[in-house]
Amino acid sequence: MASPLRKRLPRELRNNLGKYLGMFLLLALAVAFTSGFLVAASSIQLIGEGMRADYNTEDGHFATTFKADDDSIEAVEALGCTVVEQFYIDAPMTFDGATDGTQARVFPNRGERNQAIYCNGRAPESDGEIALDRVFCQNNGLEIGDAVQLAGREMRLVGIMTLADYTCLFQNNSSFIFNSLSFTTAQVTQDAYDAVDQGSVIYSYAFFLNDRSMPLTERTDFEEDMMETLADNGEVITDLVDYESNQAITYAMDDTEGDQMMWQILLAMLIVIMAFVFVVLTDATIEAESAVIGTLLASGWRKRELVTHYMTLPVLVGVSGAVAGNVIGYTLLVLPMQGLYYNSYGFPPYHTTFNLGVLVSTTIVPLVLLVAITFIGLLRRMRATPLQFLRREITHRSKRSGLQLPERLRFTTRFRLRVFVRNLSHFATLFFGIMFGSLLLLFGLAMMPLMTHFAEESAKGVPAEHLYALKAPVEIDVTEDERAAYAAAEELVLTENLTDIDPSHLLSLYLQASRVDEDENAANTLENSPEAIAQAEKFGMATLQTPRRFGDLSEEITVYGIQPGSRYWTDVPVRDGHACLGLGVQQKCAIVLGEPREFADKYTGDVYEIVFDETVGNTTTMNIYLTLDDFNRLFGNDDDYFSGYASDMPLALNSRYVATEITPDQMLGVAAQLQDSMGTIAQSLLYAVVPLFLILIYLLTKTVIDRSARSISYMKVFGYHDREISRLYIRSITVTVLASLVLCLPIIVGALDLIVQVMMSKYAGNLEIWIAPQTYVIEVLVGAVTYAVVAALHMRRIRSVPLALAMKVQE
């Protein structure tokens, strides 16, 4: 037999449509955004995890100063791997609308190793054809058939692709952020590659282990043996990167995993908020239905039957919201969420994969928790006796309800204070709800200004207009005869078949090369002006690792050896025996001044102990500074060793000796890349937060209005107009909301700082929370405007409260 109480359900739904609609939308939107994102991210993660096998991605790569000889490669392969040449050239590229300084990393067409994944077009077949990265082409509006100039040669774009080992466009593995706006990978034919200036070639070798399931610990030992083998064969290693440390391969995967964690944290926060709201609304329902429940209990209805009845609508609303959220998430939001990643990363073609874990975390867990919390809340309230229900004595009567207020206060002021005191617990709930919503809102608003600030601060950390990192020391202050001697020696080394050279010219080359002093540093073969030479300053540079403050990963630190009283590092007071520590390193790695700290060389395994006397720079400074003499003593270098030049003027350097060039403009370019790659994610977060914030405020403030419905009816009987009543009730809520928006700022900034630190523990660099003053203003304004919409809805609710409510008997 159907329970007669079921007949009340439609009426309860109709009378509380705003409450249940708000609950439905809150749950549906939360599930839609989180399920849509997590399904897309988990599908992309599965695609990325399969790339290593599907496209034969490398287990790692190493680079040598010059081309390794065959004996060296054979010795490495004898250890248990296959080594493949992956030489490349970083060449300038221009086209209509290109960003200044755009570079292409040019490879010859690849085979079955580190495959090229073509999304459109085909591989280059003639010398005038080129294939470029998909994300780069998308960001720059390049299409098949467009013309580009590569190192001054016009090429036609015939293929749009992604290289399996460059799913993320990192020009340097130590970079903080990738660059898909002014950097791309490219494939050309072998003849076209040979035609590009060979002086700048990077001799990179990819290795593929025979045992591709080798765990990291054993792989690390293997890589150490490989370095020793290369060194024993006379090769100088300039780079060694395991695939797990290769940001071009792993960054996109790490980003999807990190973002999933962020959205799961967001989901957990929303579940807590929704549970909180459900408890508050359940209490409000029981309080409003107190007399009815007391009558039913007195009439013989069991508490179990009443609990079932009052759980029916919340459960139906919860299930409906979860189903609607999943439908919206899977049908409308998966592809936009997928686009957030495919706009930045070069994954293979996308396909959605059902993920049971996502369904459980976004739907099953929230429903179970919400039903359980509602059930427990109802059981707690049902402990009251029928008489307590009839007398409306189920709520705790706080002494605050009888609080005496000063008589000298105006009636309206005392009334508003009474509303505030009577609903203090609801206003406390409102404060915490606003705090959660504001945390999400501020995160979305502050993200892009924070990244721009980081890029600007990083640019300040570049001390000169040009920092040239060298593969080996090369002197620029040399005579014309020294330049000619080294030019002759270089020509002899680079010529594959010396018999092709005219004998007289060959003799001349040998005579000139014989004047090279092998005990001295190499001489630059290009001429520089006396002014450029005079202002250039030598420095040493090396990379070490030390454990991070959070997590079990290590941070890569750049060690600089600079001149005391440097004209470029003016704020770094180094002197012999005195080491300076970048502020960013100290914060990220929790280094204590005056205490020894160990740093390791990941290539050689050597460990160095350094004691620091003071910090320098800003929170983005991830460097250590020594004098050049101390630098050379620490690393066992010759006294005249150096590995770079700092210069405000461009230097003409032999490209065979230049490893990389760093400029302030490169760091400022990071801001543009971050805006392009993260702007859409921050925007989507705002789209999710603002409606959730609005619904949350509406539901929490609605309980105050509903609780005061009888008092509002009394005031109408006494002749108060709707506008006057709204001022009395809405103003109390308004003051609470606006005060909460401002007072919770210090709390959410502290929480946001902790969240950023934990998030950055998995990434290189140090990012300290920084919020622009205008962001605070925008956050409060968005919250205020959102509440204004809610207040307008409440004013309609106040106008709908009937006069007859005051006439009903209340014992």
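Buried means under 20% relative accessible area, exposed over 50%, and partly exposed in between, with a 1.4 Å probe and protein chains only. The model is predicted, so local features need pLDDT of at least 70 and side-chain atom pairs count only at pLDDT 80 or more, while totals for chains, interfaces and linings use all residues. Residues are numbered from 1 along each chain as its sequence is written, and side-chain values use heavy atoms, with hydrogens and water left out.

**Exercise 1.** Work out what share of the residues is buried.

*Solution.* Start with the chain length: the protein has 811 residues, and 51% of them are buried. Next, look at the fold, which comes to 24 helices and 23 strands (DSSP runs numbered from the N terminus: helices are H or I with at least four residues, strands are E with at least two).

**Exercise 2.** Find which members of the largest nonpolar core touch the most other members.

*Solution.* First, the term: a nonpolar core is a set of buried Ala, Val, Leu, Ile, Met, Phe, Trp, Tyr and Cys residues joined through side-chain atoms within 4.5 Å. The largest one holds 96 residues, and F37, M274, Y345, F347, L699 and Y787 touch the most other members. Apart from it there is another core of 41 residues, including L142 and M214. Now zoom in on F37: once neighbours within four places in sequence are set aside, F37 is in contact (heavy atoms within 4.5 Å) with D259, Q260, W263, M337, L340 and Y341.

**Exercise 3.** Say which helix gives the largest share of the lining of the largest cavity.

*Solution.* On a 1 Å grid over the protein atoms alone, a cavity is a set of points where a 1.4 Å probe fits but cannot get out, and lining residues have an atom within 4 Å of a point. Four cavities reach 30 Å³ or more. The largest has a volume of about 90 Å³, and its lining includes K19, Y20, F278 and Y310. At least two lining residues come from each of α2 (17-54), α7 (247-288), α9 (303-342) and α10 (356-381). α7 takes the largest share, with five residues.

**Exercise 4.** Which helix gives the most to the lining of the second largest cavity?

*Solution.* This cavity is about 60 Å³ in volume, with L26, G437 and F693 among its lining residues. α7, α13 (424-460) and α19 (664-707) each supply at least two, and α19 gives the most, four residues.

How values were computed. 1 Å grid on protein atoms, 1.4 Å probe; cavity = no way out; pocket = protein on both sides within 12 Å on 5 of 7 lines; lining within 4 Å. Points joined across faces, edges and corners; volume = space filled by probe spheres on them.
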